[in-house]
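Please read them with the structure open beside you.

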Amino acid sequence: MLSKRVEDYLEAIYVITERKGFARTKDIALELNVKPPSVTEMVKKLGEIGFVDYKKHDGITFTQNGRETARAIKLRHDTFK
């Protein structure tokens with residue numbers, strides 16, 4: 001089970017990548033109203049888990065597993081809303 005914080009980040013990255021094709025730490029920070037260093041720390045963790053590919057200055061993209069997980073989270077959150 002993923003923490004609420006991880007789910008929030010995955011959902012934010014999903015929304016941004018659906019709109020732009022990729023996400024940057026700045027985009028995620030604006031979406032979640034957090035500071036960029038916090039985003040960098042979480043994105044590194046998400047990369048270690050295998051949800052995203054993160055290359056400094058190149059943006060953040062999902063792995064196949066990450067996209068599927070983020071999509072499921074987004075659908076579940078939309079259902080609750």
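1. Accessibility terms come first. Buried means under 20% relative accessible area, exposed means over 50%, and partly exposed lies in between (1.4 Å probe, protein chains only). Arg76, at 35% relative accessible area, is therefore partly exposed.

2. A word on the basis. This is a predicted model, in which local features need pLDDT of at least 70 and side-chain atom pairs count only at pLDDT 80 or more, while totals for chains, interfaces and linings use all residues. Residues are numbered from 1 along each chain as its sequence is written, and side-chain values use heavy atoms, with hydrogens and water left out.

3. Salt bridges. The term covers a side-chain nitrogen of Lys or Arg within 4 Å of a carboxyl oxygen of Asp or Glu. Side chains of opposite charge can pair when their charged atoms come close. How many salt bridges does a search of the whole structure find? The count is eight.

4. Arg76 and Glu7. These two form a salt bridge, and their closest N and O atoms are 2.7 Å apart. Arg76 lies in helix H4 and Glu7 in helix H1, so the pair ties together parts that are 69 residues apart in sequence. Helices here are DSSP runs of H or I with at least four residues, strands are runs of E with at least two, and both are numbered from the N terminus. Glu7 has a relative accessible area of 11%, so it is buried.

5. Glu18 and Arg67. Their side chains also meet in a salt bridge, at 3.0 Å from N to O. Glu18 belongs to helix H1 and Arg67 to helix H4, so this pair ties together parts 49 residues apart in sequence. Arg67 is partly exposed, with a relative accessible area of 30%.

6. Lys4 and Asp8. This salt bridge is 3.0 Å from N to O. The two residues are four apart in helix H1, so about one helical turn separates them. Lys4 is exposed at 62% relative accessible area. Asp8 is partly exposed at 23%.

7. A network. Salt bridges link Lys20, Arg24 and Asp27.

8. H1 against H2. Helix H1 spans residues 4-20 and helix H2 residues 25-32. Their axes come within 10 Å and cross at roughly 120°. That makes H1 oblique to H2. Axes are lines fitted to C-alpha atoms, for helices over the stretch in contact, and angles run from 0 to 180 degrees between N-to-C directions. Angles under 35 degrees count as roughly parallel, over 145 as roughly antiparallel, 65 to 115 as roughly perpendicular and the rest as oblique.

9. Who meets whom in H1 and H2? Contact means heavy atoms within 4.5 Å. On the H1 side are Asp8, Tyr9, Ala12, Ile13, Val15, Ile16, Arg19 and Lys20; they meet Asp27, Ile28, Glu31 and Leu32 in H2. The residues of this contact divide into seven nonpolar, no polar and five charged. Ala, Val, Leu, Ile, Met, Phe, Trp, Tyr, Cys and Pro count as nonpolar, Asp, Glu, Lys and Arg as charged, and the others, Gly among them, as polar.

10. H1 against H3. The axes are 11 Å apart, and the helices pack at an angle of about 95°. H1 and H3 are therefore roughly perpendicular to each other. Arg5, Val6, Tyr9, Leu10 and Ile13 in H1 meet Ser38, Val39, Met42 and Leu46 in H3. The residues of this contact divide into seven nonpolar, one polar and one charged.

11. Thr69. Is this residue buried or exposed? At 18% relative accessibility, Thr69 counts as buried. Thr69 sits in helix H4, residues 64-80. Leaving out residues up to four places away in sequence, Thr69 touches Leu2, Leu10 and Phe51.

12. Two positive phi values to check. Asn33 has phi near 55°, a positive value in a residue other than glycine. Asn33 is found in the loop between H2 and helix H3 (36-49), and at 71% relative accessibility it counts as exposed. His57 is not a glycine either, yet has a positive phi of about 75°. The loop between strand E1 (52-55) and strand E2 (59-62) holds His57. At 75% relative accessibility, His57 counts as exposed.
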